[in-house]
Amino acid sequence: MPRRPIDITIPDLRDTRAVVTGASDGMGLGMAIRLAAAGAQVVLPVRNPRKGEAALTKIRQHAPDADVSLRSLDLSSLASVAALGKTLLEEGQPIHLLLNNAGVMTPPERQATVDGFELQFGTNHLGHFALAAHLLPLLRAGQARVTSQVSIAANQHAINWDDLNWERSYNGRKPTASRRSPSDSSLWNSTGVARQVVGASPVISPTPGSLLRACSRPAPRSAGTRTPCWFA
């Protein structure tokens, strides 16, 4: 049965600043397009400048007057997260919406961030948590609404407290599920931020269900080994 298109009315968002991670393609790009079309000032922190520029072009095709710009961010590096936080703090503009959408999923073999954390744990959870912490003054100033995207795969697994960094029992899909779990780390991330953002609207940890995106397609191979899929 064909799916009916869903059209959600978005209010006038002029004078609203939104930061959307993982907006260079997929669902994040779709959200950025809708926000920009509603008049929001949209900031896209991206890992890949080329993909970021392509996203800006696509957004402006839908919203020619869009106020949209790129910043550099690699969520797998806490130094990169801190640098973005410093940049936005220096800009001094309150943030009204923070959409934690970026992530990485299913490396077939365990990989680590530059800081030594399992790649999915370090990126999807710790990276976004650190970003929100750096941005707290701006989130408070904007009485921000914060959302952290989660995965329907979270129903399959939970946090492995006995091997939190997946050093002994790595399975590519288990960290993806547990690190983007609505009942576990992503929700804790959001609720932890909510406690700190005085006057903030309730945070949301939504799951879109199953959908086609770049990470739904067969993963590319490098030297005969599947590579992790980034939506960042």
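## A serine between strand and helix

S77 touches V114 and D115, where touching, or contact, means heavy atoms within 4.5 Å, and residues up to four places away in sequence are not counted. S77 is found in the loop between β3 (67-72) and α3 (78-91); helices (H or I, at least four residues) and strands (E, at least two) are DSSP runs, numbered from the N terminus. With a relative accessible area of 14%, S77 is buried, a term that means under 20% relative accessible area, whereas exposed means over 50% and partly exposed lies in between (1.4 Å probe, protein chains only).

## Basis of the model

This is a predicted model, in which local features need pLDDT of at least 70 and side-chain atom pairs count only at pLDDT 80 or more, while totals for chains, interfaces and linings use all residues. Residues are numbered from 1 along each chain as its sequence is written, and side-chain values use heavy atoms, with hydrogens and water left out.

## The nonpolar cores

A nonpolar core is a set of buried Ala, Val, Leu, Ile, Met, Phe, Trp, Tyr and Cys residues joined through side-chain atoms within 4.5 Å. The largest one has 22 residues, of which L35, V42, L44, I59 and V68 touch the most other members. Two or more residues of this core come from each of β1 (17-20), α1 (26-37), β2 (41-46), α2 (49-62) and β4 (97-100). The largest share, 5 residues, is given by α1.

Beyond four places in sequence, L35 touches L13, A18, V20, A40, V42, L97 and L99. A second, separate core holds 19 residues, including V43, L75, L131 and V146.

## A buried arginine

R17 lies in strand β1 and counts as buried, at 3% relative accessibility. The side chain of R17 makes a polar contact with the side chain of E91 (2.8 Å). A polar contact is a pair of N or O atoms within 3.5 Å; within protein, one must be able to donate a hydrogen and the other to accept it, and residues adjacent in sequence count only if both atoms are side-chain atoms. Neighbours within four places aside, the residues in contact with R17 include Q41, V43, R71, L88 and E91.

## The kinked helix α4

Helix α4 (residues 119-134) has a kink of about 35°, centred on L126. The bend at a residue is the angle between axes fitted to the seven residues ending there and the seven starting there. Of the 16 residues of α4, 12 are buried, among them F121, H125 and L131. At its N-terminal end, α4 is capped by E118, with a side-chain oxygen 3.1 Å from the backbone nitrogen of Q120.
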